[in-house]
Amino acid sequence: MQPDHLSATFSALADPTRRAILARLALGEASVKVLAEPFEMTLPAISKHLKVLEGAGLITRSREAQWRPCAIHAAPLKEAVDYMQQFRKFWEESFLQLDALLQDLQSKDKPND
Amino acid sequence: MTSESTLDITLPSDNEILLTRRFDAPRELVWDCFTDPEKVRLWLGGGSLTVCEIDLRVGGEWRLVFEAGERGTIPLKGKFLEVTRPERFARTVCFDQPPRDQYSWTESVEFQADGNGTKLVSLTTHANREARDGQLEGMKYGTKSAYEKLDEVLAALQNK
């Protein structure tokens, strides 16, 4: 994956409404009207969010059906998750050692613990 | 590990990284583990940390160097913007390597009392999304040595 694709993915994810839309689409395809229901937003506002998601390749919109259902396209999401995982691993390994160190330091302070 | 101590990393906006983690220790002690070089050396970077200097006062400088295998080293440095023991510190971070040292970002780390433990809340703020994603990219290279260190620790634990 090209770095600019990854930036598009992160940018698309950096918005709570778009993340909620993706969460809904993970359950199955839906129309713009259905997707808009949980939000206090106009249909054009939701359509704008959908365009960002579509631009990042995170959703696809059928051109065949009249109601143009949206469907999730998970591949870029997986790339982004794999990518974040590297960052997480670095800290997770470090923090596991910090847990052990903190336990050690506290048992020295309180030998009866 | 309990679910309470699970590391959480999110991207609250285009240019930020928010990291939270709970530790089962009082915050004075967690604070020391983040700010006392002797203690930092014992856990950060899974054995890849070779230089650790921290002048813990506003305006004071700090410097960390991680070994990153084939990538050489990752030298980081910066200055403290705020030091409020044991609640919060804020500092600038940049690569200690021209021309990359021209760009710095900020890191604000809070230590919140949480029952008998401490909740760490770290907010990293970059100038833009590209720089932020670049930091995530950089983290890849610390991972290999971190795993090797964990292997050693796990092996040592099993021999006990």
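Q: In the hairpin of S4(B) and S5(B), which residue takes a positive phi?

A: In this predicted model, that residue is B:Gly69, with a positive phi near 60°. The hairpin has five residues between its two strands.

Q: How do S4(B) and S5(B) pair, and over how many bridges?

A: Start with the strands themselves: S4 covers residues 61–67 of chain B and S5 covers residues 73–84. They run in the antiparallel sense, paired over seven bridges. To see one position, find B:Arg63 and look across to S5(B), where B:Lys77 stands opposite.

Q: And where do the side chains point in a strand?

A: The general idea is that in a regular strand the side chains alternate between the two faces of the sheet.

Q: Which strand does the next hairpin join to S5(B), and through how many residues?

A: Three residues link S5(B) to S6(B) in that hairpin. S6 spans residues 88–95, and its pairing with S5(B) is antiparallel over six bridges. Here you can look for B:Val83, whose bridge partner in S6(B) is B:Phe89.

Q: Let's turn to chain A. What is its secondary structure?

A: Chain A has five helices and two strands. The C-alpha trace spans about 70 × 35 × 20 Å along its principal axes, and buried residues make up 27% of the chain.

Q: At what angle do helices H2 and H4 of chain A cross?

A: The axes of H2 (residues 16–25) and H4 (residues 43–55) cross at roughly 75° and come within 10 Å. Angles from 65 to 115 degrees count as roughly perpendicular, which is why H2(A) is described as roughly perpendicular to H4(A). On the H2(A) side, the contact is made by A:Thr17, A:Arg18, A:Ile21 and A:Leu22, while H4(A) brings A:His49, A:Val52 and A:Leu53. These residues divide into four nonpolar, two polar and one charged.

Q: How many residues of chain B are in contact with chain A?

A: A general point first: the size of an interface is often given as the accessible area lost when the parts come together. Here we can count residues instead: 31 of chain B are in contact with 25 of chain A. Strand S2, helix H1, helix H3 and helix H4 of chain B each supply at least two residues to this side. H4(B) gives the most, with seven residues. By type, the chain B side has 18 nonpolar, six polar and seven charged residues.

Conventions: Residues numbered from 1 in each chain as written. Chains lettered and ligands numbered in written order. Predicted model: local features only at pLDDT ≥ 70, side-chain atom pairs only at ≥ 80, totals over all residues. Axes fitted to C-alpha atoms, helices over the stretch in contact; angles between N-to-C directions. Helix = DSSP H or I, 4+ residues; strand = E, 2+ residues; numbered from the N terminus. Parallel < 35°, antiparallel > 145°, perpendicular 65-115°, else oblique. Contact = placed C-beta atoms within 7 Å. Nonpolar A, V, L, I, M, F, W, Y, C, P; charged D, E, K, R; others polar. Buried ≥ 20, exposed ≤ 12 C-beta atoms within 10 Å, placed from the backbone. Pairing = 2+ DSSP bridges.
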